[in-house]
2 protein chains.
Amino acid sequence: MELFDVIKHRRSYRGMYQQKPVSRDQLRAIMEAALAAPSGCNKQTTSVIAVDDPALVKQLGDMLEAPHFASAPAAICILTEKKIAYRDRTYYIQDYSAAIQNALLAIEALGLESCWVEGHITDADRIGRRMADVLGVPENLDLVCYLPVGYAAEEGTRVKKLPFEERAWFNGYRK
Amino acid sequence: MELFDVIKHRRSYRGMYQQKPVSRDQLRAIMEAALAAPSGCNKQTTSVIAVDDPALVKQLGDMLEAPHFASAPAAICILTEKKIAYRDRTYYIQDYSAAIQNALLAIEALGLESCWVEGHITDADRIGRRMADVLGVPENLDLVCYLPVGYAAEEGTRVKKLPFEERAWFNGYRK
């Protein structure tokens, strides 16, 4: 699928998923896309765990308390290490965000759906940490994002965005 | 260009650029790609300014004190607004990072080169703020990233990355 079409058609899917499974080849392609993203000073702070074991998907899904996301037959969990890039500077948020965006585009290109689930699992109730414990993720890594992966069972929606002219200009602010 | 090829071939280019200009259509395609990225709670915290006016590109390039980046005939400046998404949570870093990744993929798909220049301009000497002042960007927005855009004049290099098995697993950490 052509890049500009993928970018244009990608959306955050918040509907229920079909039970049709996602293949290992598809999951691997999504993971490789994520890891191909750049990272500050090439620190490669991002790592990923794909989950397709039905019992494990169910266990993690139940923690989400969000039936639509939990209905996906597979998921990609994004891990980050808050590593210093140089001096006191860190870029791990930038690193994992670029990796997530690559993953989301790969998911779209494969005809699958997903949604960037971050705030929901990194909030005070620390769902991400509980998921990490289930997956055996050590304390020096944070599970910051859960990407449900699967085929849409509903039509889904698309958020409205501001027009180009409100967010993009040439050679000066609001020019 | 096919998505997975673009993701695989994208790299951070740190060589000199040709003086061959970048067209408005190309810049607009890159900007549209950036703005198509998702944002936390759809707050659309990211905006962009493309610079192709030769005098302005030179003025900003001189501030960079990096002749290779400064040699690009055009650039995309990434602006962010540190807006609250909900309660006390912000996602503006995630938002602009996803937008930058889309922009970098668009640049690659167009046969152009770039590099994510962030730490260099957001450091204590605040090059990004001085660039923002030149572009008339108000104080509530930060210019956090400078993407040089142009055709490679040199071969360039590619960083080495850890193997897949060191960063990606199925159904558990290091499984």
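**Close-up views of a two-chain predicted model**

**View 1. Arg126(A) is partly exposed.** Arg126(A) counts as partly exposed because 14 C-beta neighbours fall inside 10 Å. (A residue is buried with 20 or more other C-beta atoms within 10 Å of its own, exposed with 12 or fewer, and partly exposed in between; C-beta atoms are placed from the backbone.) Arg126(A) sits in the loop between helix 5 (92-109) and helix 6 (127-134) of chain A. Helices are DSSP runs (H or I, at least four residues), numbered from the N terminus. The phi of Arg126(A) is positive, about 50 degrees, although the residue is not a glycine.

This is a predicted model: local features need pLDDT of at least 70, side-chain atom pairs count only at pLDDT 80 or more, and totals for chains, interfaces and linings use all residues. Residues are numbered from 1 along each chain as its sequence is written, and chains are lettered from A and ligands numbered from 1 in the order in which they are written.

**View 2. Arg126(B) lies in a loop of chain B.** That loop runs between helix 5 (92-109) and helix 6 (127-134). Phi of Arg126(B) is positive, near 50 degrees, in a residue other than glycine. With 14 C-beta neighbours inside 10 Å, Arg126(B) is partly exposed.

**View 3. Chain B superposes on chain A.** Superposition is by least squares on the C-alpha atoms of residues with pLDDT of at least 70 in both copies. That is the relation of a two-fold axis. The same surface serves both copies: 100% of the contact residues of chain B recur in chain A. (Contact: C-beta atoms, placed from the backbone, within 7 Å.)

**View 4. Confidence of the model.** Chain A has a mean pLDDT of 97, with 100% of its residues at 70 or more. (pLDDT is the predictor's confidence in each residue, from 0 to 100.) The model scores ipTM 0.98 and pTM 0.98.

Conventions:
Contact = placed C-beta atoms within 7 Å. Helix = DSSP H or I, 4+ residues; strand = E, 2+ residues; numbered from the N terminus.
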